[in-house]
Amino acid sequence: MRRTGTTRRGALTATGALALGAVLTGCGDDDKSQGRSGPVRTEAEAVRVEKALRTAAARTAAVTLAHYDLAAEAHPALAEGLAPLRTAVREHAKALSSGAGKAVAPPAPGPVSADARAAVKELAAAERRRADAHAEALLTAEPELARLLASVAAAAAVHAYLLTELAKETAS
């Protein structure tokens, strides 16, 4: 593997720092009446918002998981390298779906490229979209869910980086 300006260790360290920052901003006094910016929610509203956020996040993870399955099926040589990332995405989906209510089948992610390198790049793009979706959901999530979303977003960003590096090493 050739050296690039950014190493995996550096990317993981940066991602960990971002996740830690997100977690630390979510820490603090959970009293809804003090020091909280934004509207104060009733308990029923908070439950409804959390359920909607969890459902959307679980659906996003399920779409990404389906994308991994399609890529591994279309390119069996990639299956072994994608297995650890796929397993992590499955665990993310499981963690996010607890308390989400009734599971909704995700839409199919679409056809996978016939070129292995392009298929890995598509997976990296799917992981970036997943990281962005979870990071956006942080804005309206309660602290406990926000910490989970921050961790999952950081993991998705790392997955995107690793898949981008794998794409560079993958033969067309």
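Me: What is the relative accessible area of A66?
Reply: A66 has a relative accessible area of 22% and is partly exposed. Please keep in mind that this is a predicted model.

Me: And why does 22% not count as buried?
Reply: Buried means under 20% relative accessible area and exposed means over 50%, so the 22% of A66 places this residue in between, as partly exposed.

Me: Which helix is A66 in?
Reply: A66 belongs to helix α2.

Me: How far is A66 from V89 in space?
Reply: Their C-alpha atoms are 10.0 Å apart, while 23 residues separate A66 and V89 in sequence.

Me: Let me step back. How many helices and strands are there?
Reply: The protein has 5 helices and 0 strands. Along the sequence, the pattern reads α-α-α-α-α.

Me: How much of the protein is buried?
Reply: Of its 172 residues, 33% count as buried.

Me: What share of the contacts joins residues 24 or more positions apart?
Reply: Among contacts with a separation of 6 or more, such pairs account for 82%.

Me: Now α4. What is its length from first C-alpha to last?
Reply: Helix α4 covers residues 116-137, which is 22 residues, and it reaches 32 Å from its first C-alpha to its last. That is close to the 32 Å expected at 1.5 Å a residue.

Me: Which residues of α4 are buried?
Reply: The buried residues of α4 include A116, V120, L123, E127, R130 and H134.

Me: Take α5 first. At what angle do α4 and α5 cross?
Reply: Their axes cross at roughly 160 degrees and come within 8 Å. That makes α4 roughly antiparallel to α5, because angles over 145 degrees count as roughly antiparallel. The crossing of α4 and α5 is left-handed. Among the residues making the contact are V120, L123, E127 and R130 of α4, together with V152, A156, H159 and L163 of α5.

Me: And how do α2 and α4 pack?
Reply: The axes of α2 and α4 are 10 Å apart, and the angle is about 175 degrees. Helix α2 is therefore roughly antiparallel to α4. The contact involves, among others, L53, A57, H67 and Y68 of α2 and L123, E127, R130 and H134 of α4.

Me: You listed H159. Is that residue buried or exposed?
Reply: H159, which lies in helix α5, counts as buried at 6% relative accessibility.

Me: What is H159 in contact with?
Reply: Leaving aside neighbours within four places in sequence, H159 is in contact with Y68, L85, A88, V89, H92, E127 and R130.

Me: H92 is on that list. Where is H92 found, and is it buried or exposed?
Reply: H92 is found in helix α3. The relative accessible area of H92 is 14%, so this residue is buried.

Me: Which residues does H92 touch?
Reply: Not counting residues up to four places away in sequence, H92 touches R130, V152, A155 and H159. R130 itself is one of the buried residues of α4.

Conventions
Residues numbered from 1 in each chain as written. Predicted model: local features only at pLDDT ≥ 70, side-chain atom pairs only at ≥ 80, totals over all residues. Heavy atoms only, no water. Helix = DSSP H or I, 4+ residues; strand = E, 2+ residues; numbered from the N terminus. Expected span 1.5 Å × (residues − 1). Buried < 20%, exposed > 50% of the residue type's maximum accessible area, 1.4 Å probe, protein only. Axes fitted to C-alpha atoms, helices over the stretch in contact; angles between N-to-C directions. Parallel < 35°, antiparallel > 145°, perpendicular 65-115°, else oblique. Left-handed = near helix turned anticlockwise from the far one by under 90°. Contact = heavy atoms within 4.5 Å.
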